[in-house]
Amino acid sequence: MKKIVSLILLVSLYASAQEYKGNIESVNLNGLHKIALTPEAISDANNSFSRFRIYDSQNSEVPFAIYEENLSESNQKNFPIFQKNVIDTVSTSIIILNENKQNLDGLYLKNANTNVSKQYNIYGSNDEKKWFGLVNNQSVSGLSTENGTWVERLFSFPVNDYKFLKFEFLDKKSLPINILEVNLYANHKLEKEFIELKNCSQERSFNKETKQTEIVFTFDKPQLINKLRFDISAPNFYLREAVILLEKTKRRKKRNISYQENYMSFELNSKNVNQFNIRNLFTKSFTLVIDNHDNPELTLNSIQLFQNQTYLIADLKQNEIYSLIIDSKFKEPNYDLALSGIDLNKNYPTTQVLNIAKIKTQAKEEVNKSFWQTSAFMWICIILAVITLGFFSVSMIKDLGKEK
């Protein structure tokens with residue numbers, strides 16, 4: 001009977017099999033294009049590129065190659081301090097020039113060692129006259145190190161392309177800080193290489209017995225996570241061990257036993273920029289544990305999760321209608337596009353996938369079918385088979401009882 005039940009569940013799963021479909025935004029010229037995959041698409045494909053297919057308006061399959069931008073830790077760009085303004089006992093501000101109007105969402109400020117914390121605001125402008133707010137009344141601390149005379153801190157803000165950026169530090173409660181340099185690193189081009197994952201609930205708690213801070217992250221459905229970034233405002237000095245735990249189950253003595261698996265460990269350090277790359281964590285939920293020992297808890301302003309930006313590269317035609325299909329029944333495609341000599345690192349035009357929606361494939365297949373070809377007929381047959389087998393099983397048990 002267990003085999004019969006398993007068979008029924010398997011058939012039920014197949015009968016409710018579903019695929020996903022999204023529209024690819026039309027392009028304005030013929031040639032190779034990068035199709036940006038969203039976290040939603042990666043999730044729907046269960047983090048498997050074999051489940052992707054591209055079709056044109058004639059339902060012909062369009063070959064593609066997979067591309068993920070590589071990051072360079074050593075590539076550094078300096079933004080010279082264009083202007084510095086000091087209002088005694090009020091504020092110190094620096095203005096940098098973003099001459100090429102590059103999209104930015106964060107910069108690293110290098111400052112001389114200091115043991116003070118600062119409130120700051122960030123503004124943007126295109127004419128250095130009219131300023132617009134980007135960040136308001138934030139704080140930064142931990143601005144010193146024992147191993148040198150300066151430290152570097154990441155200052156994040158919403159993505160923008162203002163020609164001028166102004167960092168204003170409030171000096172009402174302490175003397176000014178000395179900003180030495182402003183830099184951008186290649187591994188922080190967030191608008192191109194990373195996508196911030198939204199719609200994630202974070203539930204924090206403190207375990208008094210273990211003196212650990214526990215944060216449970218939960219998504220509606222599994223997501224691919226490639227990077228964590230922490231914004232910590234207090235205390236000024238800290239060095240804490242942190243670990244990512246995943247819920248797992250294993251079979252032991254005919255029972256499923258739940259346990260937590262250590263997926264990754266790292267250190268949160270007041271001397272460093274606390275952002276960490278993660279090796280392709282694909283999960284719906286995980287727990288972050290920070291070991292405080294006898295120290296006060298960290299003041300966590302935010303913990304951000306990011307996913308590497310991944311693209312499909314395909315040869316698209318102008319004004320053609322293309323669809324992206326995601327289906328678990330697909331197998332790994334065998335395209336020669338990536339082997340044909342195209343430059344995967346070239347800056348091709350980018351398009352995107354729109355309106356990914358779930359489609360019940362079984363419903364489509366049953367259109368214009370005879371009754372005996374439908375799932376209803378199949379279910380009737382299965383139910384009759386189960387009843388018949390059950391009847392014979394009961395009869396056999398009764399016959400065995402009579403013989404005894």
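In strand β22, I326 is the bridge partner of F52. Strands here are DSSP runs of E with at least two residues, numbered from the N terminus. The model is predicted: local features need pLDDT of at least 70, side-chain atom pairs count only at pLDDT 80 or more, and totals for chains, interfaces and linings use all residues. Residues are numbered from 1 along each chain as its sequence is written, and side-chain values use heavy atoms, with hydrogens and water left out.

Strand β3 (residues 52-55) and β22 run antiparallel and are joined by four bridges. Two strands pair if DSSP finds at least two bridges between them. Strand β22 spans residues 322-326 and is mostly covered, with five of its five residues buried. Buried means under 20% relative accessible area, exposed over 50%, and partly exposed in between (1.4 Å probe, protein chains only). In a regular strand the side chains alternate between the two faces of the sheet. From β22, Y322, L324 and I326 point one way. S323 and I325 point the other way. All are buried.

Aromatic contacts were searched next. The whole structure holds 15 aromatic pairs. Rings of Phe, Tyr and Trp (its six-membered ring) pair if their centres lie within 6.5 Å; planes under 30 degrees apart count as stacked, over 60 as edge-to-face and the rest as tilted. The rings of F82 and F164 have centres 5.7 Å apart and planes at 50°, so this pair is tilted. F82 belongs to strand β6 (residues 81-87) and F164 to strand β12 (residues 164-170), so the pair ties together parts that are 82 residues apart in sequence. F82 is partly exposed, at a relative accessible area of 43%. F164 is buried, at 7%.

A second pair also involves β12. The ring centres of F155 and F169 lie 6.0 Å apart and the planes stand at 90°, so the pair is edge-to-face. F155 is in strand β11 (residues 150-160) and F169 in strand β12, 14 residues apart, and the pair links distant parts of the chain. F155 is buried at 3% relative accessibility. F169 is buried at 3% relative accessibility. Both residues belong to one aromatic cluster, formed by Y120, F155, F157, F167 and F169.

Charges over rings complete the description. A charge sits over a ring if NZ of Lys or CZ of Arg is within 6 Å of the ring centre and within 35 degrees of the ring normal. The charged end of K34 sits over the Y311 ring, 4.4 Å from its centre. The charged end of K250 sits over the Y259 ring, 5.0 Å from its centre.
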